[in-house]
Amino acid sequence: MKRTTIDLWVGIFVAIGLAAVTFLSLRVANLTPQGADKTYTLYAEFDNIGGLKVKAPVKASGVVVGRVTGIALDTKNYLARVNVAIDSQYAFSRDTSAEILTAGLLGEQYIGLVQGGDEEDLKPGDRIAITSSAMVLEQLIGKFMTSFAEGSGQDSKQP
Amino acid sequence: MLDTLLTPFIRLGHWVIEAIRRLGFISRFFLAILMNSAQSLTRFHLVIREIYFAGVLSLIIIIVSGLFVGMVLGLQGYTTLVRFGSADALGALVALSLLRELGPVLAALLFASRSGSAMTAEIGLMKATEQLDAMNVMAVNPIARVVAPRFWAGVLSMPVLAALFNVMGILGGYYVGVILIGLDGGSYWSQMQANVDLHVDVVNGMIKSLFFGAAVTLIAVFEGFDATPTAAGVSAATTRTVVTSALVILALDFVLTAFMF
């Protein structure tokens, strides 16, 4: 076979390979070419983060505004310290509150932000002061069972 | 009497020594290929020629089998997922199983049986017809001229073939899941995009296929080079290439998976 024919076929082969890799990264892995997407980092401390994971979404009014970038246990006060990267086009006031919510009853967990009324905005590296922890289903069931048992106990005392 | 008692041990010892000799030979052979690779880079058309034979001619089998594997995944995945009411996750299931395991492994197995065996037979016949010796006489290094281009062609072709296999599989799953069964096309893609990570899944799959390409072609050229220079020897070497490659691919896959995921 002539060398140019071989070159042509190998060229087509490589082009197909590049197209396949592009398809995999853009269409399958959804790599949006945002490049150096500008974000700023905030952190929040929770009593219990439940099943929150790194890369979980941060939502405000249901809109994804950032991602969880790091989770660690702060050994000074034994609270979970969660770092979040927020898209820099969104600014939040200093009294914004963060809570860990669950998508559906057993879905993945995410952080919900609720805007406060303060005039000043949170600056990069600031702490989100008002937080509420994850709802842990087992604890909830436990509380329900205890109150149920207490309730029935009181009932039995009264004739 | 003593001899017949000792025969199994003699066989075992011979087998172990032979296995160790071949392991040592293949390691030194690998080093020799790496050291004689400069010529493959300066005369790149040698590699391009081998990419044509190893890669381009494997396109059809990769495309067709990728499509069918994807269609089977779509069908089987659907029948299982629909029982749990999560048929919408079909896209994620098909994409993840292809990208992480099936794509690289099956593409490498096909590549070993189609191109690896051809490489072994070709080099083995060159040895049997004393072409390699003739090259040596003409002061042409057969490892640099014959073996290294084939090795690099295999290493370069394998990720391309695996990526193509993945794409065809995902399209095959789309065909069965969305067009035949009637799932929502939007959720097929969005579930896939939400669950597939570029680095963890796509890039690691590519790295896997690079390793498989190197392993398969190394085994193929080694078996050809080590073949007994007779018709029976070449045929035995070709069989060994396919069997050893399959075992090495699956074992290597376990090791790489343990490291990556």
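This briefing covers ring contacts, salt bridges, chain layout and backbone features of a predicted model.

The model is predicted, so local features need pLDDT of at least 70 and side-chain atom pairs count only at pLDDT 80 or more, while totals for chains, interfaces and linings use all residues. Residues are numbered from 1 along each chain as its sequence is written, chains are lettered from A and ligands numbered from 1 in the order in which they are written, and side-chain values use heavy atoms, with hydrogens and water left out. Over all chains, a search of the whole structure finds 12 aromatic pairs and 12 salt bridges.

**Aromatic pairs and cluster**

- Rings of Phe, Tyr and Trp (for Trp, the six-membered ring) pair if their centres lie within 6.5 Å; planes under 30 degrees apart are stacked, over 60 edge-to-face, and the rest tilted.
- The whole-structure search gives 12 such pairs over all chains. One of them joins B:F151 and B:W152 edge-to-face, at 5.1 Å centre to centre and 75 degrees between the planes.
- B:F151 is buried at 2% relative accessibility, whereas B:W152 is partly exposed at 28%. Here buried means under 20% relative accessible area, exposed means over 50%, and partly exposed is in between (1.4 Å probe, protein chains only).
- B:Y174 and B:Y188 also pair edge-to-face, with 5.5 Å between centres and 70 degrees between planes. B:Y174 lies in helix 7 (residues 142–181) of chain B and B:Y188 in helix 8 (residues 185–195) of chain B, so the pair ties together parts 14 residues apart in sequence.
- Helices (H or I, at least four residues) and strands (E, at least two) are DSSP runs, numbered from the N terminus.
- B:Y174 is partly exposed at 25% relative accessibility. B:Y188 is buried at 1%.
- One aromatic cluster holds A:F23, B:Y174, B:Y188 and B:W189.

**Charges over rings**

- A charge sits over a ring if NZ of Lys or CZ of Arg is within 6 Å of the ring centre and within 35 degrees of the ring normal.
- A:R27 places its charged end over the ring of B:W189, 4.2 Å from the centre.
- In chain A, the charged end of A:K59 sits over the ring of A:Y110, 4.5 Å from its centre.

**Salt bridges**

- A salt bridge puts a side-chain nitrogen of Lys or Arg within 4 Å of a carboxyl oxygen of Asp or Glu.
- B:E18 and B:R21 form one at 3.1 Å, N to O. Both lie in helix 1 (residues 2–35) of chain B, three residues apart, about one turn of the helix.
- B:E18 is partly exposed at 30% relative accessibility, and B:R21 is partly exposed at 39%.
- B:R21 also bridges to B:D226, with the closest N and O atoms 3.9 Å apart. This pair links distant parts of the chain: B:D226 is in helix 9 (residues 198–226) of chain B and B:R21 in helix 1 of chain B, 205 residues apart.
- B:D226 is buried, with a relative accessible area of 15%.
- A network of salt bridges links B:E18, B:R21, B:R22, B:E223, B:D226 and B:R240.
- B:K208 and B:E101 form a salt bridge with closest N and O atoms 2.9 Å apart. B:K208 is in helix 9 of chain B and B:E101 in helix 5 (residues 90–128) of chain B, 107 residues apart.
- B:K208 is buried at 0% relative accessible area, while B:E101 is partly exposed at 25%.

**Layout of chain A**

- UniProt, in an unreviewed entry, lists residues 6–26 of chain A as "transmembrane region". UniProt positions follow the numbering used here, feature names are shortened, and annotations may be inferred rather than shown by experiment.
- Residues 6–26 of chain A are 100% helix and 0% strand, with end C-alpha atoms 30 Å apart.
- The domain assignment gives domain 1 (1–33) and domain 2 (39–137) in chain A; such bounds come from an automatic or database domain assignment.
- The centres of these two domains, taken over C-alpha atoms, are 42 Å apart.

**Backbone features**

- Helix 5 of chain B bends by about 55 degrees at B:L98. The bend is the angle between axes fitted to the seven residues ending at a residue and the seven starting there.
- B:E130 has a positive phi of about 60 degrees although it is not a glycine. B:E130 is in the loop between helix 5 and helix 6 (131–137) of chain B and is exposed at 51% relative accessibility.
- A:Y78, also not a glycine, has a positive phi near 50 degrees. A:Y78 lies in the loop between strand 3 (63–74) and strand 4 (79–87) of chain A and is exposed at 57% relative accessibility.
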